[in-house]
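Here are my notes on the model, point by point. Please read them with the structure open.

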Amino acid sequence: MKPDEQQDAGSRHARTVGIDLAADASKSAVAVLEWTPNGAEVRSLDRPAADSLLVDRAMGAAKIGIDCPFGWPVAFIEFVTRHRDATVGVPTDSVLSRRPLVYRATDLYCLQHGLRPLSVAADLIAHVAMRCAALLPQLDDNRDRSGRGRLVEAYPAASLSRWGLVHRRYKGPVNVVALGSAVDALRAGAPWLRLGGYEALCRRDDDAFDAVIAALSARAAMLGLVEAPPDEMLELARVEGWIALPTCQLAELVG
């Protein structure tokens with residue numbers, strides 16, 4: 001077998017992990033997908049998920065997709081540092097002037113493409129990011145957070161949107177019917193994905209469902225089928241993180 005064929009065979013049989021991270025283990029979930037030339041199988045799906053379990057499930061994975069910001073806006077970090085030193089000198093008297101402090105480069109890129117990620121600097125997602133900051137070094141070297149290594153930022157709602165699937169109003173107990181419809185749409189769009197005994201959990205728990213979508217997003221990133229940071233944003237992406245937006249259809253994740 002030629003080297004390029006060996007690499008292709010390895011990608012077809014790789015394992016990806018998806019983590020739907022929350023501020024507390026009780027609301028976190030982790031999915032492990034095993035890939036073959038014919039599709040993928042959910043090998044495990046856990047909720048709740050403490051850090052020790054996340055690290056354990058991530059062992060041996062080719063790519064790990066985490067639904068959480070990997071960092072904070074560089075401008076925000078600099079602003080807080082100046083505030084500590086009592087040297088704040090930038091205007092902040094309007095929402096527009098604070099925009100660079102609130103959103104990362106990847107968030108602004110998503111906004112330009114009709115997506116609305118939460119602000120890690122000015123929203124409750126910051127609690128999750130604090131947990132993530134301590135978790136990333138346990139999973140892999142996280143000095144480059146642009147997604148080019150083993151770790152990549154996943155955004156399940158954005159991935160679902162890119163794949164033409166149900167991506168809104170499926171979260172929470174009041175939307176359990178919509179969550180079931182989202183699972184139906186996923187099964188129709190990816191008949192090669194075997195949920196097995198975990199399908200019932202996906203239908204009643206949106207955190208578990210999002211973990212599966214994060215694992216699928218990790219697969220897209222592993223195959224290079226996501227939007228890479230533009231050259232002018234690459235240095236920021238290495239520090240702030242970069243959301244992996246799929247550029248493929250679900251069928252392209254197989255083989």
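1. Start with K27 and D207. Their side chains meet in a salt bridge, 3.0 Å from N to O. The term covers a side-chain nitrogen of Lys or Arg within 4 Å of a carboxyl oxygen of Asp or Glu. K27 sits in the loop between β1 (15-20) and β2 (29-36), and D207 in helix α10, so the pair ties together parts that are 180 residues apart in sequence. Helices (H or I, at least four residues) and strands (E, at least two) are DSSP runs, numbered from the N terminus.

2. A word on the source. This is a predicted model: local features need pLDDT of at least 70, side-chain atom pairs count only at pLDDT 80 or more, and totals for chains, interfaces and linings use all residues. Residues are numbered from 1 along each chain as its sequence is written, and side-chain values use heavy atoms, with hydrogens and water left out.

3. Is D207 buried or exposed? D207 is buried, at 7% relative accessible area. K27 is partly exposed, at 41%. Buried means under 20% relative accessible area, exposed over 50%, and partly exposed in between (1.4 Å probe, protein chains only).

4. Next, E227 and R162. Their salt bridge spans 2.8 Å, N to O. E227 lies in the loop between α10 and α11 (234-240) and R162 in helix α7, so this pair links parts that are 65 residues apart in sequence. E227 is buried, with 16% relative accessible area. R162 is partly exposed, with 26%.

5. E199 pairs with R187. The closest N and O atoms of this salt bridge are 3.2 Å apart. E199 belongs to helix α9 (residues 199-204) and R187 to helix α8 (residues 176-189), so parts 12 residues apart in sequence are tied together. E199 is buried at 18% relative accessible area, while R187 is partly exposed at 45%. Elsewhere, salt bridges that share partners join K27, R47, D205 and D207 into one network. The whole structure has 22 salt bridges.

6. Now the largest pocket. About 800 Å³ of space lies in it. Of its 33 lining residues, D67, L118, Y155, A157 and K171 are the closest to the centre. A pocket is an open set of points on a 1 Å grid over the protein atoms alone, where a 1.4 Å probe fits, with protein on both sides within 12 Å along at least five of seven lines; lining residues have an atom within 4 Å of a point.

7. Which element gives the most to this lining? Helix α7 does, with four residues.

Conventions: Grid points are joined across faces, edges and corners, and a volume is the space filled by probe spheres set on the points.
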